[in-house]
Amino acid sequence: MKRLFKVLSILCIYVFIYLISTLYLEEVYIFGWTSRVFRQYFLVWIIPIIWVAFDKYALALTLAIGHLAGLFLGQYIGDLQRANIRLQYTYEELINFHPGLVNQHNGFIIWVFTLFGFTIIGILLQIYVFKTNEPSLFDIIYESIKNFYTNVKAMISKRK
């Protein structure tokens with residue numbers, strides 16, 4: 001029941017973002033992207049839910065908050081960059097000499113880097129602040145590879 005509550009709390013953040021993007025901010029660059037490409041955007045939802053399944057709620061919550069912060073920072077900083085470009089050049093210079101700068105918006109890249117930064121913060125929080133008694137996903141994978149290697153080594157030595 002506790003895990004279900006955690007999954008629902010993470011999903012509420014993403015559903016809220018999606019609804020706001022679809023209903024009110026569809027004409028804005030990065031929010032319009034979230035409302036148009038739902039299938040690809042849904043993959044971003046899956047990662048925190050997987051972390052909740054492995055009892056890494058601090059990491060999942062940090063990813064959800066980082067996603068929200070990344071969307072707003074990406075939109076704001078991307079708009080500032082676009083406005084600065086348009087202030088530096090006249091329209092004729094942009095069209096004739098710098099046509100790639102006309103519609104340049106780095107909101108997506110800023111969103112990705114913000115999400116990456118919050119992922120690192122979430123991992124550090126999960127490791128050092130919210131320690132859980134269960135082994136981490138990496139420990140489970142390491143132990144399973146180690147057991148597999150030991151079993152294969154034992155089978156090879158039996159054949160000799």
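The legends below describe several close-up views of a predicted model. Residues are numbered from 1 along each chain as its sequence is written, and side-chain values use heavy atoms, with hydrogens and water left out. Because the model is predicted, local features need pLDDT of at least 70 and side-chain atom pairs count only at pLDDT 80 or more, while totals for chains, interfaces and linings use all residues.

**View 1. The largest nonpolar core has 18 residues.** A nonpolar core is a set of buried Ala, Val, Leu, Ile, Met, Phe, Trp, Tyr and Cys residues joined through side-chain atoms within 4.5 Å, where buried means under 20% relative accessible area, exposed over 50% and partly exposed in between, with a 1.4 Å probe and protein chains only. Ile10, Tyr14, Tyr41, Leu71 and Trp111 have the most contacts inside this core. Two or more residues each come from helix 1 (2-23), helix 2 (29-36), helix 3 (38-53), helix 4 and helix 6; helices (H or I, at least four residues) are DSSP runs, numbered from the N terminus. Not counting residues up to four places away in sequence, isoleucine 10 touches Pro48, Val52, Tyr57, Ala60, Leu61 and Ala64, contact meaning heavy atoms within 4.5 Å.

**View 2. Histidine 67 lies in helix 4 (residues 57-88).** With a relative accessible area of 0%, histidine 67 is buried. Apart from neighbours within four places in sequence, the contacts of histidine 67 are Tyr14, Ile17, Tyr41, Val44, Trp111 and Leu115.

**View 3. Phenylalanine 108 and tryptophan 111 form a tilted aromatic pair.** Rings of Phe, Tyr and Trp (its six-membered ring) pair if their centres lie within 6.5 Å, and planes under 30 degrees apart count as stacked, over 60 as edge-to-face and the rest as tilted. By this rule there is one aromatic pair, and its rings are 5.5 Å apart, centre to centre, with 40° between the planes. Both residues lie in helix 6, three residues apart, about one turn of the helix. Phenylalanine 108 is partly exposed, at 36% relative accessible area, whereas tryptophan 111 is buried, at 4%.

**View 4. Tryptophan 33 lies in helix 2.** A relative accessible area of 23% makes tryptophan 33 partly exposed. Leaving aside neighbours within four places in sequence, tryptophan 33 is in contact with Tyr41, Phe108 and Trp111. Tryptophan 33 and threonine 22 are eleven residues apart in sequence and 9.5 Å apart in space, C-alpha to C-alpha.
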